[in-house]
Amino acid sequence: MASAFSAFRVSLSRISPFRDTRFSYPATLALAHTKRIMCNSSHSVSPSPSPSDFSSSSSSSSSSPSTFSLMETSENARWRPMCLYYTHGKCTKMDDPAHLEIFNHDCSKELRVAAADLERKKSQEFNFFLVIDLEGKVEILEFPILIVDAKTMEVVDLFHRFVRPTKMSEQAINKYIEGKYGELGVDRVWHDTAIPFKQVVEEFEVWLAEHDLWDKDTDWGLNDAAFVTCGNWDIKTKIPEQCVVSNINLPPYFMEWINLKDVYLNFYGREARGMVSMMRQCGIKLMGSHHLGIDDTKNITRVVQRMLSEGAVLKLTARRSKSNMRNVEFLFKNRIK
């Protein structure tokens with residue numbers, strides 16, 4: 001039983017939203033409202049799919065050239081909400097033209113860059129950036145990460161999981177989710193797909209290893225990659241807190257990170273207290289729903305792309321002490337406090 005579950009976990013982690021993927025789940029339905037994501041209709045999710053339920057090609061659409069620059073993307077590209085069943089490997093409507101017209105299944109299309117955007121880009125200390133923006137105050141509810149290639153500024157892959165709280169009653173969870181995701185119209189997909197944080201970490205580690213960004217035999221950080229956050233809270237505070245609640249050790253790759261706010265402050269010489277402020281100051285139009293983690297992660301990625309295109313170098317801003325995980329050294333003298 002354990003080996004079967006492990007096989008499924010590996011299979012699930014290999015499903016990339018940047019591949020032409022088809023699933024053999026039961027027929028389902030997703031619906032989008034013009035202003036809000038409404039993935040709460042009736043995706044019929046199989047509770048325990050097997051590896052044979054998935055089939056995918058190895059072709060990727062992320063290499064297609066862009067016809068407009070990063071600076072023009074928000075005005076010219078027609079934004080569509082991501083199918084959140086698809087990001088979890090559970091979309092069953094890949095043969096439905098109406099569904100494909102409403103929902104996006106390749107977020108790299110929104111985040112492409114042109115050759116002109118690379119002209120002022122400088123060499124980076126890392127080859128890959130892992131942009132992360134967690135959601136959930138009591139416990140983590142959403143865990144989205146985008147890989148950005150530091151050389152091309154293109155999005156390489158996406159990892160997205162909704163997270164089921166560990167130590168909350170079902171009644172408290174329902175109230176929590178309704179308050180957080182009900183207004184966004186994604187409460188149904190959350191209930192259909194959310195898994196415990198421990199399982200999220202296990203699947204995430206498989207995904208990292210497949211991209212050669214982490215080796216489970218190492219006791220330190222990522223391989224030639226760094227997390228990028230909008231603030232210190234996600235990795236400094238929330239992940240360690242969630243690990244305690246979930247009764248797991250803090251993974252060794254959460255030892256250092258780049259707080260984009262600090263890099264932004266030192267590069268532009270102006271302060272931005274959050275993602276929206278950064279976007280406003282850079283003239284980047286907000287896409288999607290603010291405080292839906294996957295959309296916030298994409299918007300932060302657009303700020304990262306803009307900064308890279310203008311010559312910013314993203315360096316580590318914080319590092320934990322190996323001897324005491326609670327101690328964090330902040331590496332920038334001039335930083336947001």
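Visitor: Why is Asp133 called buried?

Guide: Please note that the model is a predicted one. The relative accessibility of Asp133 is 10%, and the word buried applies under 20%. The value of 10% lies under that cut-off, so Asp133 counts as buried. Asp133 is placed in the loop between β3 and β4.

Visitor: What makes Pro144 and Asp234 contacts of Asp133?

Guide: A contact requires heavy atoms within 4.5 Å. With residues up to four places away in sequence not counted, Asp133 touches Pro144, Asp234, Gly293, Asp296, Thr297 and Ile300.

Visitor: Which residues does UniProt list together with Asp133 and Glu135 for "binding site"?

Guide: The UniProt record lists Asp133, Glu135 and Asp296 under that name. Such annotations may be inferred rather than shown by experiment.

Visitor: How do you know that they gather at one spot?

Guide: The three residues span 164 residues in sequence, but no two of their C-alpha atoms are more than 9.5 Å apart; therefore they gather at one spot.

Visitor: Is Glu135 buried or exposed, and how is that decided?

Guide: Glu135 has a relative accessibility of 7%. Because buried means under 20%, the value places Glu135 among buried residues. Glu135 also belongs to the loop between β3 and β4. Beyond its neighbours within four places in sequence, Glu135 has contacts that include Lys180, Tyr181, His291 and Asp296.

Visitor: What does the record say of Asp133 and Asp234?

Guide: A UniProt annotation, "binding site", covers Asp133 and Asp234. They span 102 residues in sequence, yet their C-alpha atoms are not more than 6.8 Å apart, so these two gather at one spot.

Visitor: Why does Asp234 count as buried?

Guide: Asp234 lies in helix α8. Its relative accessibility is 3%. Since under 20% is the condition, Asp234 is therefore buried.

Visitor: Which residues does Phe227 contact?

Guide: Setting aside neighbours within four places in sequence, Phe227 is in contact with several residues, among them Leu130, Ile132, Phe204, Tyr253 and Trp257.

Visitor: How do you know that the span of α7 is close to the expected one?

Guide: Helix α7 has 14 residues and reaches 20 Å from its first C-alpha to its last. The expected value, at 1.5 Å a residue, is also 20 Å. Buried residues in α7 include Phe197, Val200, Phe204 and Trp207. Just after α7, Asp212 takes a positive phi of about 60 degrees.

Visitor: Why is Gly89 called buried?

Guide: Gly89 has a relative accessible area of 2%, which is under 20%, so Gly89 is buried. The loop between α3 and α4 holds Gly89. The C-alpha atoms of Gly89 and His160 are separated by 9.7 Å, although these residues are 71 residues apart along the chain.

Visitor: How many of the 337 residues in the protein chain are buried, as a percentage?

Guide: Buried residues make up 55% of them.

Notes. Residues are numbered from 1 along each chain as its sequence is written. This is a predicted model: local features need pLDDT of at least 70, side-chain atom pairs count only at pLDDT 80 or more; totals for chains, interfaces and linings use all residues. Side-chain values use heavy atoms; hydrogens and water are left out. Helices (H or I, at least four residues) and strands (E, at least two) are DSSP runs, numbered from the N terminus. Buried means under 20% relative accessible area, exposed over 50%, partly exposed in between (1.4 Å probe, protein chains only). The expected span of a helix is 1.5 Å times one less than its number of residues.
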